[in-house]
Structure formats: structure tokens, C-alpha cells
Amino acid sequence: MRPETKFRAGFVALIGLPNAGKSTLLNRLVGEKLAIVSPRPQTTRNRITGVKNLPGAQIVFVDTPGLHPGGGKLGEFMAKTTERALEGVDLVCLVVDAAEAAAPDALTLAPLARFDGAAFCVLNKADLVRPRARMLPLIEAWRRAHPFREIVPVSALDGSNCDRLLALTVGVLPEHPAYFPEDAATDQPETFWVAEVIREKIFLLTRAEVPYAAAVRVTELTERERPRCLYLRATVFVEAESQKGIVIGKGGAMLKRIGTAARRDLEAFFGVKVFLELRVDVRRRWRRDDRALREFGFRLTS
């Protein structure tokens, strides 16, 4: 008789420098778009949890803001969010941009010095490393930098080797019942995802400092039956009148583009018709204001 297989479940933190591809990797591993993605660094601000249910296992991934020295209240919040994300996790995956072929540095390795559990080095964007032989010295450099349990080249973009990463991750997790229901993909409320989708479109459609100065607060999320739809109302907050003008655009054109792009994603996410009403307001220096940060949903979780 074969021994009974025990269920495994645990928490895995994804950390790394900005633009290493942590959010793209989270979306790939979970199988749903949970974290917003843009070519700009520091897109992720909050701790984002994604749940991957597998036969006999549940992996709870935690995406984090990119590691950087930071500054101001928002920078402090993002740094503290990454620090808190490592508390109580069973595994840390340090995500590295392999295409950049950067050498290990103190900023990247610092969180691991305070973590005494298992750690993987995930060399992301492996599909962009040419010739393939360039990967070998990179693997060796990270192997010397820290006693990683595994060093795994992957591509979050095309999914290469991600199944192997999942299998290796399950092998590290302890025997434990599932933390979330089988149909759960995240622990974040629906309003959080609405705000994140809108913010993603601001990152993709506006330039310079505007995306970083923008915060989104959802003020209404109502399900309506006749006709069946989801009615959403949200406010985009920026720090200056000039930024407000950019987000609105001439004759409201930019705000309409942002709303249209966000609505398409939200309809795909919720599976129903979405009516989205957007407005723009100015909240000066909100990134340095503790009260504003709490109001906009920046709360530390343990």
C-alpha cells in the first residue's frame, strides 16, 4: 500500500529590484492577472497575495515593492512592506533580471541576511539571455553570493521553467492544511483590484512623474441587476494642478482613454458589463502624508 500523501501549504515571498519581473512572475505562477505590470520601475506599492492551488498543495505567493533606498512616507511604507513580507514565510524567492546580467549587490542581498529560512534565486527573463552560455557564469555568481537552496532560470513572460519552479517550491513547504478556500486567488478586496487596474492604465498612458504621483480610491462598487452590470466610481488623486490637467487631457481625452482601457480589463476580470465613472482631484504632497496614505489604502499587514 502506498503511503498517504500529506497536503502541503505555505507562504512564499517574491522580492527583488524594480523591473526584475516579480509581478509578471506572480501573475504567471498563479495563472491570473493579480498584479499590475508596466515597463516602469516601482509599479507595485502594496503587498499583493496570490494563491496557487495544486493537487496536494497550496502556495500563497506574496509580491512586494521593488527593493530600493526609497524616500518620503511612501518610500518608507514600501520598504517596510517588503520587510514585513518576509516575516513568517516558508520560502523567499529573490527574483533577478537575468537579461541585465547584474552582479549580486548589497541592496539586493540585504533582506536575505535577516531571513534564516529557505531561499531560491529565480533568474527571470532567461529567454532574453543570448547566447545561452551567458547563463552559466551568472548562475555561478549568485551561487557564490548566498547559500540558495535552488537557482532556477525562468521566463515569466513565456512560462519557461515555471512549472519546475512550482514543483521545487512545493517541496520546500511544510505539511499544513490550506490557508484559503480552493477557489480563492487572492486575499485582496475587489475595490483594491479596481484601483490597481486604473493605476496600471495611468502608468501605461501618462509620462514623467505623473504615474508616481497618482493614487486611486474606489468610492462605489455596486452590482446592478437591470441591466446586469457592475457600477464603479473612482477618484484619481494627484499632487499638482498640472498633473490633474495631464490626467484629464484636452477635452477629457486622456481620462477617457484611461477609463476605456481599465473598463475592458475589469469586464474581463469580473465577467460582467462594467460602467466606470472617473474623476480627478488634487491632494498635495499625499506621498508624504500619513493620513492620506491610510486613506488611499496603504496599510502595513503582517
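**Labels and their cut-offs**

Trainee: Why is Phe11 called buried?
Mentor: Buried means under 20% relative accessible area, exposed means over 50%, and partly exposed lies in between, with a 1.4 Å probe and protein chains only. Phe11 has a relative accessible area of 18%, so Phe11 is buried. Before we go on: this is a predicted model, where local features need pLDDT of at least 70, side-chain atom pairs count only at pLDDT 80 or more, and totals for chains, interfaces and linings use all residues. Residues are numbered from 1 along each chain as its sequence is written, and side-chain values use heavy atoms, with hydrogens and water left out.

Trainee: And why is Tyr179 called partly exposed?
Mentor: Its relative accessible area is 35%, so Tyr179 falls in the partly exposed class.

Trainee: How many aromatic pairs are there, by the rule used here?
Mentor: Rings of Phe, Tyr and Trp (its six-membered ring) pair if their centres lie within 6.5 Å; planes under 30 degrees apart count as stacked, over 60 as edge-to-face and the rest as tilted. By that rule there are three aromatic pairs.

Trainee: What about Phe192 and Trp193?
Mentor: They also form an edge-to-face pair, at 4.9 Å centre to centre with 85° between the planes. Phe192 has 12% relative accessibility, so it counts as buried; Trp193 has 5%, so Trp193 counts as buried too.

Trainee: How do you know that the buried residues of H4 are on the same side?
Mentor: The buried residues of helix H4 (residues 135–145) are Met135, Leu138, Ile139, Ala141 and Trp142. They cover an arc of only 160° around the axis, so they lie on the same side of H4; the arc is that of the directions from the helix axis to the C-beta atoms. The face turned away from that buried side carries the exposed residues Leu136 and Arg144.

Trainee: What do the buried residues of H4 pack against?
Mentor: Strand S4, helix H3, strand S5 and strand S6, where contact means heavy atoms within 4.5 Å.

Key: Helices (H or I, at least four residues) and strands (E, at least two) are DSSP runs, numbered from the N terminus.
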